[in-house]
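Trainee: I would like to go through this structure and the terms used for it. Can we take the labels in turn?

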Amino acid sequence: MFRTIREDIENARAHDPAARSSAGIFFLYSGLHAIWWHRLSHWLWHHHAKGLARTLSQFSRFLTGVEIHPGATIGRRFFIDHGMGVVIGETTEIGDDVMIYHGVTLGGTSLEAEKRHPTIGDHVLIGAGAKVLGPVVIGAHSSIGANAVVVRSAPEHSLLVGIPAKPRPRRSEPAEPAPADTADEGDELQDPALYL
């Protein structure tokens, strides 16, 4: 457990240039606190204490502003930067080394007792305010731009922006110019960082 906490703190320091000290990260980073509370509630969820798990997850939400259902599966080195307003649904699956910003929703689109939330691959970055809805699969090493609404699965190395989100070429790929009558303002921007 302590090794995992130390790994989380080192990961936060690697992702946040404002991080000043390990103690500051440990005591002040609500995104990490939400993940730590989630690990306990997730364990309870799978050990026949679902009511207690839900109570703990709601207590964590009250403290951190981050709502993670105890049924959600989250990999290692998951980092929530700025935390507030993040919602992660029950059947969400998140891989290793994923980073998300504030206001992100990993939500469901069905009322059935089935897989109804996203599956996020390893090394995915999700920008502020983005919504990933339904049982979509986002491939590893993908980036989702700020305020994007993703309702379709995407392969590895995707850059998804817009409402609804559509793939954009990455810097290493040549951009294909849009026809003049359909070009959106800002289509000339090809730097992924500008979409996050």
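Trainee: In which loop is Pro 164 found?
Mentor: Pro 164 is in the loop between β14 (159–161) and β15 (166–167). Strands here are DSSP runs of E with at least two residues, helices are runs of H or I with at least four, and both are numbered from the N terminus. The model is predicted, so local features need pLDDT of at least 70 and side-chain atom pairs count only at pLDDT 80 or more, while totals for chains, interfaces and linings use all residues. Residues are numbered from 1 along each chain as its sequence is written, and side-chain values use heavy atoms, with hydrogens and water left out.

Trainee: What is the omega of the peptide bond from Ile 163 to Pro 164?
Mentor: Omega is near -10°, and the bond is cis.

Trainee: What is noted about phi of His 82?
Mentor: Phi of His 82 is near 70°, a positive value in a residue other than glycine. His 82 lies in the loop between β3 and β4 (87–88).

Trainee: Why is His 82 called exposed?
Mentor: Its relative accessible area is 58%. Exposed means over 50%, buried means under 20%, and partly exposed is in between, with a 1.4 Å probe and protein chains only. So His 82 counts as exposed.

Trainee: Where does His 157 lie, and what is its phi?
Mentor: His 157 is in the loop between β13 (149–150) and β14. Phi is near 65°, again a positive value in a residue other than glycine. With a relative accessible area of 46%, His 157 is partly exposed.

Trainee: Now the rings. How many aromatic pairs does the structure hold?
Mentor: Four. Rings of Phe, Tyr and Trp (its six-membered ring) pair if their centres lie within 6.5 Å; planes under 30 degrees apart are stacked, over 60 edge-to-face, and the rest tilted. One of the pairs is Phe 26 with Trp 36, at 5.5 Å centre to centre and 40° between the planes, which is tilted.

Trainee: What makes Phe 26 and Trp 36 a link between parts of the chain?
Mentor: Phe 26 lies in helix α2 (residues 22–28) and Trp 36 in helix α3, so the pair ties together parts ten residues apart in sequence. Phe 26 counts as partly exposed at 34% relative accessibility. Trp 36 counts as buried at 16%.

Trainee: Why is the pair of Trp 37 and Phe 59 called edge-to-face?
Mentor: The ring centres are 5.5 Å apart and the planes stand at 90°, so the pair is edge-to-face. Trp 37 is in helix α3 and Phe 59 in helix α4 (residues 50–64), 22 residues apart. Trp 37 is partly exposed at 28%, and Phe 59 is partly exposed at 40%.

Trainee: Which residues do ring pairs link into a cluster?
Mentor: Phe 26, Phe 27 and Trp 36.

Trainee: How do you know that the charged end of Lys 50 sits over the ring of Trp 45?
Mentor: The charged end is 4.9 Å from the ring centre. The rule asks for NZ of Lys or CZ of Arg within 6 Å of the centre and within 35 degrees of the ring normal. Lys 50 is listed as sitting over Trp 45.

Trainee: Which residues touch the most other members of the largest nonpolar core?
Mentor: The core has 38 residues, and Leu 32, Ile 88, Ile 100, Ile 120, Ile 126, Ile 138 and Ile 144 touch the most other members. A nonpolar core is a set of buried Ala, Val, Leu, Ile, Met, Phe, Trp, Tyr and Cys residues joined through side-chain atoms within 4.5 Å. The largest share of this core, four residues, comes from α3.

Trainee: What makes a space a cavity and not a pocket?
Mentor: On a 1 Å grid over the protein atoms alone, a cavity is a set of points where a 1.4 Å probe fits but cannot get out; a pocket is an open set with protein on both sides within 12 Å along at least five of seven lines; lining residues have an atom within 4 Å of a point. The largest cavity has a volume of about 40 Å³. Its lining includes Ala 34, Trp 37 and Val 66. α3 gives the most to that lining, with four residues.

Trainee: What is the volume of the second largest pocket?
Mentor: About 240 Å³. Volume here is the space filled by probe spheres set on the grid points, which are joined across faces, edges and corners. α3 gives the most to this lining too, with six residues.
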